[in-house]
Amino acid sequence: MNTDYTGLAEFHWLIEVMQTVDVGVLVLDLEYQITAWNGFMENNSGIDSADALGRSLFDVFDDLSVEWFKHKADTVIQLRNRAFTTWEQRAYVFKFRNNRPITGVTEYMYQNCTFIPVIGTTGKVQNLAVIVYDVTDIATSKLELKAANDRLAQLSRTDGLTQLYNRAYWEEMLSNEFKRQKRHAHDLSLIMFDIDHFKKVNDTYGHQVGDDVIRAVAEEVRHNSRNTDIAGRYGGEEFALLLIDSDAENALLFAERLRKAIENRRVSTPEGELQVTVSLGVAPWKESFHHYNAWIEAADKALYTSKDEGRNRSTLSK
Ligand SMILES: Nc1nc2c(ncn2[C@@H]2O[C@H](COP(=O)(O)OP(=O)(O)OP(=O)(O)O)[C@@H](O)[C@H]2O)c(=O)[nH]1
């Protein structure tokens, strides 16, 4: 057995290990000049150690933020403590191309890095070592999972036909706004509206055209409301809208604008163009509502007054 533990042999295998280990090893002096650069760094940067050694780190990586890196390094050197960066805070420190064929979703390698103060024989920090871990696989699968969860969350709150909020999510939003109102009231109004004689549309043109009409009405809701307004499909052909920062007067103006926009909209059918109208009920927030259901009821009641009085109109709740 070879038991040659002389300094030179030990140095040799240490270098061998450092060269082949599957993490980046980079050592800098206190002037940020490169004093060690292992195989991982060579392979991923395309720069041989012969070309990297002695050069300033910031020449080799010209897109590395000098200010950020120096701040990080100074803390490590002064406190003589290790520091870490994770891909979640900063996707990478050193810009290396992602070379994994399976994870083609990202252009660059995600990295975690450890910064280590290297204390010399004098007892002072003489170098800074940076260990670079390729965490591309973990990062991309975590990001993909998050994207899938976001898509699922989006689907679970969206009405498939109109892409407005579905009833359950819209009610959740209303309930949240209602609680906020109870603590600190703003101008806030609720509109419920319903397509007039919609059954006749279905009976005359079929459900497919009926669905087109519902979609067209939803589009008018989107075009005419603000981003902050909360619009949902409440039931078959009934819609609900919470208007943020709108008192009774503004809400009624809005309701009329929407009503006219829908009246002017043409929906094409195999038998020519079709026009529909809607009846609306407008209920501004009232302190006396004890539950959000009472607010919905007030808007619904106003909506039925619109229906009773001939449809294609807006009514303000009493
Ligand atoms: N095409 C289609 N029809 C739907 C959908 N949801 C509900 N409906 C239909 O909408 C119609 C609603 O009819 P009614 O509640 O009688 O009301 P209306 O005919 O609009 O009459 P008024 O509201 O009184 O003006 C019913 O025929 C339902 O089948 C849907 O998603 N697609």
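Helices (H or I, at least four residues) and strands (E, at least two) are DSSP runs, which I number from the N terminus. I count residues from 1 along each chain as its sequence is written. The model is predicted, so I take local features only at pLDDT of at least 70 and side-chain atom pairs only at pLDDT 80 or more, while totals for chains, interfaces and linings use all residues.

Helix 9 gives the largest share of the shell, four residues. Of the 16 residues there, Phe198, Lys199, His207, Gly210 and Gly236 come nearest. Strand 6 (188-195), helix 8 (198-205) and helix 9 (207-224) are the elements that each supply two or more residues to the shell. I then sorted the shell by class and found four nonpolar, five polar and seven charged residues. In this sorting Ala, Val, Leu, Ile, Met, Phe, Trp, Tyr, Cys and Pro are nonpolar, Asp, Glu, Lys and Arg are charged, and the others, Gly among them, are polar.

**Entry: the largest core**

A nonpolar core here is a set of buried Ala, Val, Leu, Ile, Met, Phe, Trp, Tyr and Cys residues joined through C-beta atoms within 7 Å. Buried means that 20 or more other C-beta atoms lie within 10 Å of a residue's own, all placed from the backbone. The largest core has 39 residues, of which Ile191, Met192, Val217, Leu241, Val282 and Ala299 touch the most other members. Strand 6 contributes the largest share, six residues. I checked methionine 192 for contacts (C-beta atoms, placed from the backbone, within 7 Å). Beyond four places in sequence, methionine 192 meets partners including Tyr234, Ala240, Ile296 and Leu303. A second, separate core of 22 residues includes Val76, Tyr110, Cys113 and Leu128.

**Entry: strand 5**

I call two strands paired if DSSP finds at least two bridges between them. Strand 5 (residues 125-134) pairs with strand 1 (residues 24-29) in the antiparallel sense over six bridges. In that pairing glycine 24 stands opposite valine 132. Strand 4 (residues 111-119) also runs antiparallel to strand 5, joined by nine bridges. Glutamine 111 has aspartate 134 as its bridge partner in strand 5. Five residues lie between the strands in the hairpin of strand 4 and strand 5, where glycine 123 takes a positive phi near 90°.

**Entry: the record**

UniProt, in an unreviewed entry, places "domain: PAS" at residues 10-80. UniProt positions follow the numbering used here, feature names are shortened, and annotations may be inferred rather than shown by experiment. I found residues 10-80 to be 56% helix and 14% strand, with the end C-alpha atoms 27 Å apart.

Key. A residue is near a molecule or strand if its C-beta atom, placed from the backbone, lies within 6 Å of it. A residue is buried if 20 or more other C-beta atoms lie within 10 Å of its own, exposed if 12 or fewer, and partly exposed in between; C-beta atoms are placed from the backbone. Two residues are in contact if their C-beta atoms, placed from the backbone, lie within 7 Å.
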